[in-house]
2 protein chains.
Amino acid sequence: MEARTYPEFSTHYPLLLTTIMRRPVRMYPDQIGVVYRNHLSGEYFRFTWDQWYRRVCRLANALSSELDVVAGTPREPGDRIATMALNTHRHLELYFGVPGVGATLHPVNVRLSPEHIVYTIRHAQDRVLFFDDALLPLVEGIYDHIKDVVQRFVYLSDKPGLPETRIANLIHYEDLLARQPEQFDWPALHEDVNATLCYTTGTTGQPKGATFTHRQLYLMTVHVMAQMAIANTPSIDIEDGLGVRLGESAVPLLNTPMFHIHAWGAPFIAVYSAQKIVLHGTFTVQGFCELVEREKVTSVGIVATIAAMLLEYPDLHKYDLSSLVRVNVGGGALPLGLKKKLEALIPSFRMSSGYGMTETAPTIVTSFIKKDLVDLDREQTDALLVKAGLPILGVDVEVVDDDGKPVPKDDQTVGEIVVRAPWTTERYFRDPEKSAELWRGGWLHTGDLAKVDAHGYITIADRIKDVIRSGAEMVPTVLLENLIAMADFVQEATVVGVPDPVWGERPMALVSVRTGFEADEYAVIDFLKTHGVDTGRITKWMLPKLVAITRDIPKTSVGKYNKKRIRDELDRFLAIARDVSDRAS
Amino acid sequence: MEARTYPEFSTHYPLLLTTIMRRPVRMYPDQIGVVYRNHLSGEYFRFTWDQWYRRVCRLANALSSELDVVAGTPREPGDRIATMALNTHRHLELYFGVPGVGATLHPVNVRLSPEHIVYTIRHAQDRVLFFDDALLPLVEGIYDHIKDVVQRFVYLSDKPGLPETRIANLIHYEDLLARQPEQFDWPALHEDVNATLCYTTGTTGQPKGATFTHRQLYLMTVHVMAQMAIANTPSIDIEDGLGVRLGESAVPLLNTPMFHIHAWGAPFIAVYSAQKIVLHGTFTVQGFCELVEREKVTSVGIVATIAAMLLEYPDLHKYDLSSLVRVNVGGGALPLGLKKKLEALIPSFRMSSGYGMTETAPTIVTSFIKKDLVDLDREQTDALLVKAGLPILGVDVEVVDDDGKPVPKDDQTVGEIVVRAPWTTERYFRDPEKSAELWRGGWLHTGDLAKVDAHGYITIADRIKDVIRSGAEMVPTVLLENLIAMADFVQEATVVGVPDPVWGERPMALVSVRTGFEADEYAVIDFLKTHGVDTGRITKWMLPKLVAITRDIPKTSVGKYNKKRIRDELDRFLAIARDVSDRAS
């Protein structure tokens, strides 16, 4: 007699996002799980986990029955469902409801150019588009270019009723949900079914669509959580008594846009942890401060430019932000100077860095204090926490030279970061050529340059494409940027290469000055000489030869310095730049 | 052009124990990772992670080349390799080296009867047996019954040289390692290859062999770690400032025998976390105290009987055990009385409970304080922490009635615990019949009875086979045991059913009295009346009708009360029991 076995509930128990979604409903059905504040109206919406889950079930019923969405298989993704939405409870419902029925969620990056938005929707062949009321003009603007692909449009709004619009067959999300039953029998999907499709920002060509399966997103989630369990940083979490508010008691504000690579995984981690999730529509400095104070937010992920905006906000002192103890900075380097300035202003803040990219889902590297370094002083641990950090458990990260050999751990030699992990994208959607460029020799090539110190901490040096080659040497751009950011008077700073007939390229710094401070171009060079050259951090030939003081430094859709645009519009910046080569020598 | 993709490094990156093994070597190569104290000689052995890893590589080379071990496939397990070993660095090497080459590790429970040991080795068809020097007499005793199955015997010893023995072709482990290279090219196994084979204790028939794949053990490990990240118990970990010593800085003492269901997963969790692991051979109360003091052990898993032994140890006060902050009690109920007595004696101790069984690998339920209950006082949180607890994330646990319907959450209604999890065994090794009994209707049936409170905390009521039926009612055995354990004078207590012509069964209590205390059988009943009946926790008819004071309560090989043996030897206990039915009414 051969027994009936149940691999689907044991050896092959599928790793699905629905498992993540169900946990808080089971643990805390009647507690407020999701708080959304409309950033325009200032209105609050609160949902218990049970209420939120019933809405996800209604959505799933609507997708399966009314919208006839086709589920995927391990070989073939299901229908692509696009969102053009900010950080709302509805977007969080779509994050679980769409993959839960076996379809692929495509969160459209609404900060891309309209052309790129059209490109991603057409490339993904999105069948349904859910969009926020605030984005109606944007959707109307591209409507003619996508209406042959997108079959149904769903309107996401706090307010009832449909707008006047030429978009045909528009459905109101709340109407769609209202007519559906509030229980749903989730299909037993294969864990290899595609769950999401996230396009890169396309700073170097057309956006590419990184694909992720349920298994991959599930594994990223539990690994990041496991990493948190072992990588507590005693000097930060415990001795200050701050850890008390973390764990499942943490209150994360989902600040990173949910259209940007799973908001760094926060929606999955927060839901699985059954933490109260705070959603703010989109970042406004006043909305941010109000939510932190009112909801007692403990944790947030930001980019350096948002930190710079907080630094500049004149009303900052009016808010009690002391609940906020964990601030992860991603999407680029965390300048030590920025960290120090903001932590001086808000003493509860503890900022640390990390590293990842669209193709890595994104979390692969985070900074924390290793156990053999916990006795270092604040100055020294701060210097570690601004580094990109260490690979999280389960991830292979190497920094390799041109021959694929790991660079020495001397914190000097620069190589390319290459990665393998259970959640790195296997391939771009329908783009075998770019997929082949991404994966070479069994490693995902990030295109980011970095160095490694003796303890294994990785520091991002540059994007390969942003490297400045001056003579035979490479200018350490990110190091220069971080040094400039140390100056009290500096709000933001970036450095790009300017073509030069003699040297090939020469570095130009774009610097914005903090409100209330005054400084000219020479002040930047003088600061770099005193705090860079004289301290041995850089050598003289690395000094920028051009400095432009401007409040208009171009950013990408995710808040990074947009060096491609700076290079594209170089004449504009050269026109306002001062040649400081007399001082920079 | 179709790109070469690398699913093996992304979507299908295999979840393997070798990934766990490699992490500490990478993170802390030169730190002491493994400390072993020989419990007989008192000698210490210390290994850096790099040294330990080189030894695992040598072992893997020996297994692959010299011992010609065959690797498994997803369909067919590789060669079974048995260990008869205590908790040593060598056993930890085998824990990773054997599955790492694709073979199946079978850690033989050396506390089983010799007959059962022979049965498990023959049933598993173990090809190689690694055994400790201390267990030589045991192995010699069974040698004739296993020598046709086991082809090679390997001798594990701190001392060089082989003993005088009739075991043919014996190899010394250290000689085996010495002649092998210290690098090994780990095979790219499929994650579904079988990794371990763990036999049940066979209290109700022949032991059954639960099988676990790499994927299963890997997933158990990261889920338990993720659970730790969210289920911190502020009142325990943080406000007391104790958390500072946990995370990767924790120092676990692997107290649970490694031949007992993966030592509750501790070897995998500790290695992946890169914690310093302390191994003690086998538990002796003096060795335990010495190791905790000397190595500053922070965390340990124990069974209630070991807690009782610590309570009885007269020299306990001579040791500084204050580093020990996290004590998980498994393998049966944690009596609140025992917890209180031991925490009074060692104030740094924080004991909490959990639940699992061989078939669940074992971790599926742990106790912690939910975030809506953290403001309860010590008395109330203690009462929660002695419950088995809550399902950990990723696990489906239900307590169901005879129709498979979840029981009400009234903390009263008793049902059977049924489970599904990515790491529950799919089937017993070569035993379709028992596998079919285990899995019914898509749920693993634990055979354990429990109730659930309004917050979801599960309390184990009884083994189905241990239930006492008195008249039409079920006597809540575990509740009685826990109540009796509250008495100051009680060291251990268990309750079994005795056949009765009128009632079917009547409860009999076996109680051991703490050194320095005096109490007779009536004292037990009087205590139960005052603290059980008068407080409404039990009703009068539940009171034991027989009480035996004895220091000889039978235990299973894993330290649980052996109710089967008590029932088998009932006459012996009836002979010393006093009929207290006059008082128990």
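A: First, a working rule: a salt bridge here is a side-chain nitrogen of Lys or Arg within 4 Å of a carboxyl oxygen of Asp or Glu. Keep in mind too that this is a predicted model.

Let's zoom in on the place where chain A meets chain B. Look for A:Arg215 and B:Glu191, whose side chains form a salt bridge with 2.8 Å from N to O. That distance falls within the 4 Å limit, so the pair qualifies. Between chain A and chain B the count comes to four salt bridges. Chain A puts 76 residues into the contact, and chain B puts in 76 residues as well. Together the two chains bury about 6,300 Å², with carbon and sulfur atoms giving 57% of that area.

Now step back to the whole structure. Over all chains, a search turns up 79 salt bridges. One of them sits inside chain A, where A:Arg55 pairs with A:Glu174 and the closest N and O atoms are 2.8 Å apart. This pair ties together distant parts of the chain: A:Arg55 belongs to helix α2 (residues 49–66) of chain A, A:Glu174 belongs to helix α6 (residues 173–178) of chain A, and the two are 119 residues apart.

Helix α12 (residues 336–345) and helix α13 (residues 378–385) of chain A have axes that come within 10 Å and cross at roughly 125°. Angles from 65 to 115 degrees count as roughly perpendicular and those over 145 as roughly antiparallel, so α12(A) and α13(A) end up oblique to each other. The crossing of α12(A) past α13(A) is right-handed. From α12(A), the residues touching are A:Leu336, A:Lys339, A:Lys340 and A:Glu343, while α13(A) brings A:Arg378, A:Glu379, A:Asp382, A:Ala383 and A:Leu385. Sort that group and you get six charged, three nonpolar and no polar residues.

Chain B has helix pairs to set beside that one. Take helix α2 (residues 49–66) and helix α3 (residues 89–100) of chain B, which pack at about 55° with axes 9 Å apart. That angle makes α2(B) and α3(B) oblique to each other, and their crossing is right-handed. On the α2(B) side you'll find B:Trp52, B:Arg55, B:Val56, B:Leu59 and B:Leu63; they meet B:His89, B:Arg90, B:Leu92, B:Glu93, B:Leu94, B:Phe96, B:Gly97 and B:Val98 of α3(B). By type, this contact has eight nonpolar, two polar and three charged residues.

Further along chain B, helix α4 (residues 114–124) and helix α5 (residues 136–146) cross at roughly 50°, and their axes come within 10 Å. B:Pro114, B:Ile117, B:Val118, B:Ile121 and B:Arg122 of α4(B) touch B:Leu138, B:Ile142, B:His145 and B:Ile146 of α5(B).

Finally, check the backbone in a few loops. In chain A, the peptide bond from A:Ala361 to A:Pro362 is cis, with omega near 5°, and A:Pro362 lies in the loop between β15 (354–356) and β16 (363–366) of chain A. In chain B, B:Ala361 and B:Pro362 are joined by a cis peptide bond with omega about 5°. The loop that holds B:Pro362 runs between β14 (351–356) and β15 (363–366) of chain B. One more for your list is B:Ala274, a residue other than glycine with a positive phi near 60°. You'll find B:Ala274 in the loop between α9 (266–272) and β11 (277–279) of chain B.

Note on methods:
Residues numbered from 1 in each chain as written. Chains lettered and ligands numbered in written order. Predicted model: local features only at pLDDT ≥ 70, side-chain atom pairs only at ≥ 80, totals over all residues. Heavy atoms only, no water. Axes fitted to C-alpha atoms, helices over the stretch in contact; angles between N-to-C directions. Helix = DSSP H or I, 4+ residues; strand = E, 2+ residues; numbered from the N terminus. Parallel < 35°, antiparallel > 145°, perpendicular 65-115°, else oblique. Left-handed = near helix turned anticlockwise from the far one by under 90°. Contact = heavy atoms within 4.5 Å. Nonpolar A, V, L, I, M, F, W, Y, C, P; charged D, E, K, R; others polar. Buried area = accessible area lost by both parts, 1.4 Å probe.
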